[in-house]
Amino acid sequence: MKLRTQISLLTALLSAIPVFVLGGVAIFNAQRSFNQAIDNSLVATINEPRLLRELRGNALAPIRGLADSFISIARYEQDGSLTLIRSAGNNSDDFLFPKLTPDQIIQASNGIITVEDEYKFRILTFESRRNEIYVLAASLEGAQEAVGEVISRTALAAIIIAFLSGLIAWFFVSRIFRPINQIVTTAHSVASGNFAQKMPKTKDGTEFGELTNAINKMLNSLRQFVSDASHELRTPLTVIRGYSEILQKTNLDKELQARAVARIETESLRMEKLVKDLLTLTKADESKNQNFDLVNLTLVVKEYFEDLKIQNPTRNIKINLPNNFEIQADQDSIQQLFSNIVQNIVRHTPNDSQVEVTGAENSDTMEIIIDDSGPGIPENLRAQVFERFSRIDESRSRETGGFGLGMSIIKSIVEKHNGKISLEDSKFNGLRIRLTFKKTI
């Protein structure tokens, strides 16, 4: 069921509920008022001094001014039968008197009771000085018909109000949701591969305006990502194609042949790494809060930074971490996290730059701080480096000016473990990477 239909039905229901509630209160009050009026008439009738004199007269004779027209009166005989003395309405009315048991006669002498026969009756009995028992019966048929009329009109009013409310809601919701139809159409077009589409312009400051702006930003990011990925893949593909054409030539120089094979292998490995990085990002997005194992961060950090020291003996690398710096994590992801950090240090800092890794533990978090003495990253560009295929220096190559997917992977892995990453100024005037993890995930 479409949302506009649900809203219209809900509006209709909410509009009908007050009518039913008010109608229910009105019906209850009307029923109580009718019963109270009938009971008052019964009591007033038996308290009328002239009533007995009239009752001893002719049967079915009018008792003008002594009883309301809806009251029937009968005499209870010793054999248990009832002799109808006065019928409700006109004398010609053939109105049946309710059948009563001796127990009901006794109960009615103590107070008004309700008896259900063909219709409901309110019954009251009294005894004369001659020990004659008279029974007064007032039918509730008229009251029930009146209440039934109130119920019918209430239901009709509720249906009409609900229908009109639903119709009005449908009209306005359809107008309000008109941009949604355009958004859905555009989304289907994008899903079909038409990434050039943009969400329709809607009024700023509204929920739909915020939605379209957010989706447009997402589409722009998607287009940029596809463009950057295509650019990253196009370069090695161009190199591979060029050297493949060279290898197809006859009488090829062995030195050139060896170079072509080496370059094809290098660019193939580069493409393979790019694809692996993309898969890593996808898995990181999908596997957040998975079941983790206990991982000793100290061992992982030492493993990768000691490898860095062996690869660059001229670097001054210090590691100051507790022996048991442990968190619940995915072992492979944590290893990739620090592998990427080390690769970024190798790529973006001089071979003799200083690196220091320290750890700090609080009551509920633990931090790993990595300082280097490289060129650093300007503060206004630090958020940008976490974007996929970010490039803070357009004039430089990927090897020097771009971060590819490395920093995106680092951030994704940290967030996968409910951690935080921030870039700050290093105490060596380079870049500081601060990783914060919760002790319990």
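How many helices and how many strands are there in the chain? In this predicted model, the chain holds 11 helices and 14 strands. Of the 441 residues in the chain, 39% are buried. If we take the contacts between residues at least 6 apart in sequence, 61% of them join residues that are at least 24 apart.

## Helices that pack against each other

| Helix pair | Axis distance | Crossing angle |
|---|---|---|
| α8 and α9 | within 10 Å | roughly 30° |
| α1 and α4 | 8 Å | about 160° |
| α9 and α11 | within 9 Å | roughly 145° |

In the pair α8 and α9, helix α8 covers residues 297–311 and helix α9 covers residues 331–348, and their axes cross at roughly 30°. Because angles under 35 degrees count as roughly parallel, this crossing makes α8 roughly parallel to α9. The crossing of these two helices, α8 and α9, is right-handed. On the α8 side, the residues that meet α9 are Leu 297, Val 300, Val 301, Glu 303, Tyr 304, Phe 305 and Leu 308. On the α9 side, the partners are Gln 331, Ile 334, Gln 335, Phe 338, Ser 339, Ile 341, Val 342, Ile 345 and Val 346.

For the pair α1 and α4, helix α1 runs over residues 3–46 and helix α4 over residues 141–176, and the two pack at an angle of about 160° with their axes 8 Å apart. Since angles over 145 degrees count as roughly antiparallel, this packing makes α1 roughly antiparallel to α4. As α1 passes α4, the crossing is right-handed. The residues in the contact of α1 with α4 divide into 20 nonpolar, 10 polar and 1 charged.

Helix α9 also takes part in another pair, for its axis and that of α11 come within 9 Å and cross at roughly 145°. Here α9 passes α11 in a left-handed crossing. From α9, the residues Ser 333, Gln 336, Leu 337, Asn 340, Ile 341 and Asn 344 meet Gly 406, Met 407, Ile 409, Ile 410, Ile 413, Val 414 and Lys 416 in α11. The residues of this contact between α9 and α11 divide into 7 nonpolar, 5 polar and 1 charged. Ile 341 of α9 is listed among the residues that meet α8, and Ile 341 is also listed among those that meet α11.

Thr 298 is found in helix α8, and with a relative accessible area of 1% Thr 298 is buried. Which residues does Thr 298 contact, leaving aside its neighbours within four places in sequence? The contacts of Thr 298, counted in that way, are with Leu 321, Pro 322, Asn 323, Asn 324 and Phe 325.

Lys 302 likewise belongs to helix α8, but Lys 302 counts as partly exposed, at 29% relative accessibility. Leu 321, one of the residues in contact with Thr 298, lies 19 residues along the chain from Lys 302, and the C-alpha atoms of Lys 302 and Leu 321 are separated by 8.9 Å.

## Aromatic pairs

The count of aromatic pairs comes to 2. In the pair of Phe 126 and Tyr 134, the ring centres are 5.5 Å apart and the planes stand at 25°, so this pair is stacked. Both of these residues, Phe 126 and Tyr 134, are buried. In the pair of Phe 171 and Phe 172, the ring centres are 5.3 Å apart and the planes stand at 80°, so this pair is edge-to-face. Phe 171 is partly exposed, with a relative accessible area of 47%, and Phe 172 is also partly exposed, with a relative accessible area of 46%.

## Two asparagines with a positive phi

Most residues other than glycine have a negative phi. Against that background, Asn 418 has a positive phi of about 55° although it is not a glycine. Asn 418 sits in the loop between α11 (406–416) and β13 (420–425), where Asn 418 is partly exposed, with a relative accessible area of 28%.

Asn 429 has a positive phi of about 70°, again without being a glycine. The place of Asn 429 is in the loop between β13 and β14 (431–438). Is Asn 429 buried or exposed? With a relative accessible area of 71%, Asn 429 is exposed.

Definitions and conventions:
Residues numbered from 1 in each chain as written. Predicted model: local features only at pLDDT ≥ 70, side-chain atom pairs only at ≥ 80, totals over all residues. Heavy atoms only, no water. Axes fitted to C-alpha atoms, helices over the stretch in contact; angles between N-to-C directions. Helix = DSSP H or I, 4+ residues; strand = E, 2+ residues; numbered from the N terminus. Parallel < 35°, antiparallel > 145°, perpendicular 65-115°, else oblique. Left-handed = near helix turned anticlockwise from the far one by under 90°. Contact = heavy atoms within 4.5 Å. Nonpolar A, V, L, I, M, F, W, Y, C, P; charged D, E, K, R; others polar. Phe/Tyr/Trp six-rings, centres within 6.5 Å; stacked < 30°, edge-to-face > 60°. Buried < 20%, exposed > 50% of the residue type's maximum accessible area, 1.4 Å probe, protein only.
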